[in-house]
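Here is a short report on the fold of one chain and on how two chains meet. The structure comes first, the reading after it.

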There are 2 protein chains.
Amino acid sequence: MTTLPEIRIALPSWASEVIDWDRKYESDEDRMRVAITCARENVLRDTGGPFGAAIFDADTSRLVAVGVNLVVPLNNSSLHAEIVAFMMAQAALGTYTLAGDGVAPHELYTSCEPCAMCLGGVLWSGVRRVVWSATRDDANRIAFDEGPVFAASYDYLRARGITFDGGVLHAEGKAVLELYAGRGGTIYNA
Amino acid sequence: MTTLPEIRIALPSWASEVIDWDRKYESDEDRMRVAITCARENVLRDTGGPFGAAIFDADTSRLVAVGVNLVVPLNNSSLHAEIVAFMMAQAALGTYTLAGDGVAPHELYTSCEPCAMCLGGVLWSGVRRVVWSATRDDANRIAFDEGPVFAASYDYLRARGITFDGGVLHAEGKAVLELYAGRGGTIYNA
């Protein structure tokens, strides 16, 4: 018999303050700004890696949850921004899928194109659309390895009804990666 | 301003009792039996999906952590057995990578071939070898979709020094999937 660890995952306290949780977010740019704000604040406040994500209810245009990269501060390699956002959205709604019967379609906005783990996680999460700002190449340029993602990966997920759009507010998303690299941030899987 | 959820992830209490945490696990079969025991107990005790995983220190042959699928009980689509095992191992060792300088090589044993999310997560976790029992086809047969994993996905990870072996105690791993299906277990992403 042994004592097993309990994992606790909480967003940095600034996430409840710097985001407007009450307004409607109608456009892709409006929504992406939330994800990029999360990424940028995470860098500026030294609370994790340069990645942020946000999940919206597509019917009401309301923000459901945000996520930021917490790999280094929480010693947990799976806590990419998208995974944290899935967890927070599912906790908020009390469900293991954001695509259940009678549930509005949910959309994930992320400051950088998802890595292999997060793209795989999209399928289980129930989000119906994924939108990103910075690209896989932008992440590679600062030495983050995005893992085994191929054109066929997207085809596989599109065949299951998930849609993808990249490059929204691209310069702003990319700038957060460069900000992190410029500050000498940890490239945790280099 | 809003109140953000805190996520808490703990293994079922039986995990501290049914596993022998003190012995050495020398062979692939010995180690796989731990992963399959986790999977089977998770089904029999109704604490989650039919998947279990275990991480070993390859130098000492000691068990570092186990994981079980907790998707349905914890309303969290990312909590596959492998992801839970990574989290528990990293929490136990106080690190975000199991492959740091001076860290012994760690190996993941899982009762079923990893899905796309977990295979992507392998790269960030730092484990150097992945061994499974039941195959992707076995999981598909009971309607679990394993996501976008291709031969090229394994090539990509092998090129980064990770090795893979499948089919260890195959009949036993597959039997757990069939046990779960036979009991009418939730296929949470059908």
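## Fold and interface

From the N terminus on, chain A runs β-α-β-β-α-β-α-β-α-α-β-α. That comes to 6 helices and 6 strands. This is a predicted model. The radius of gyration of chain A is 16 Å, close to the 16 Å that the globule rule gives for 190 residues, so the chain is as compact as a globular protein of that length. Its C-alpha atoms fill a box of roughly 50 × 45 × 35 Å along the principal axes. Of the 190 residues in chain A, 53% are buried. Contacts also reach across the sequence. Among those in chain A with a separation of 6 or more, 64% join residues 24 or more positions apart.

**The sheet.** Chain A holds an open sheet of 5 strands, in the order S3-S2-S4-S5-S6, with mixed pairing. Its edges are S3 (62-68) and S6 (163-165), each of which pairs on one side only. From one strand to the next, the twist averages 20°. Strands of a sheet pair through backbone hydrogen bonds, either parallel or antiparallel. S4 (residues 106-112) and S5 (residues 129-134) of chain A take the parallel sense, over 5 bridges. In this pair, A:Tyr109 stands opposite A:Val131. Helix H2 (residues 81-93) of chain A lies across S2 (52-57), S3 and S4, and runs at about 135° to S3(A).

**The two chains.** How are the copies related? Chain B can be laid on chain A by a turn of 180° and a shift of 0.0 Å along the axis, with an RMSD of 0.0 Å. That is the relation of a two-fold axis. In contact are 52 residues of chain B and 52 residues of chain A. H3(B) gives the largest share, 8 residues. By class, that side of chain B divides as follows.

| Class | Residues of chain B on the side touching chain A |
|---|---|
| Nonpolar | 30 residues |
| Polar | 18 residues |

S1 (residues 7-9) of chain A and S1(B) run antiparallel, joined by 3 bridges. There A:Arg8 stands opposite B:Arg8. Which surface does each copy use? The copies meet through the same surface, because 100% of the interface residues of chain B are also interface residues in chain A.

Conventions. Residues are numbered from 1 along each chain as its sequence is written. Chains are lettered from A and ligands numbered from 1 in the order in which they are written. This is a predicted model: local features need pLDDT of at least 70, side-chain atom pairs count only at pLDDT 80 or more; totals for chains, interfaces and linings use all residues. Two strands pair if DSSP finds at least two bridges between them. Helices (H or I, at least four residues) and strands (E, at least two) are DSSP runs, numbered from the N terminus. Axes are lines fitted to C-alpha atoms, for helices over the stretch in contact, and angles run from 0 to 180 degrees between N-to-C directions. Two residues are in contact if their C-beta atoms, placed from the backbone, lie within 7 Å. Ala, Val, Leu, Ile, Met, Phe, Trp, Tyr, Cys and Pro count as nonpolar, Asp, Glu, Lys and Arg as charged, and the others, Gly among them, as polar. Copies are superposed by least squares on the C-alpha atoms of residues with pLDDT of at least 70 in both. The radius of gyration is taken over C-alpha atoms; the globule rule is 2.2 Å times the number of residues to the power 0.38. A residue is buried if 20 or more other C-beta atoms lie within 10 Å of its own, exposed if 12 or fewer, and partly exposed in between; C-beta atoms are placed from the backbone.
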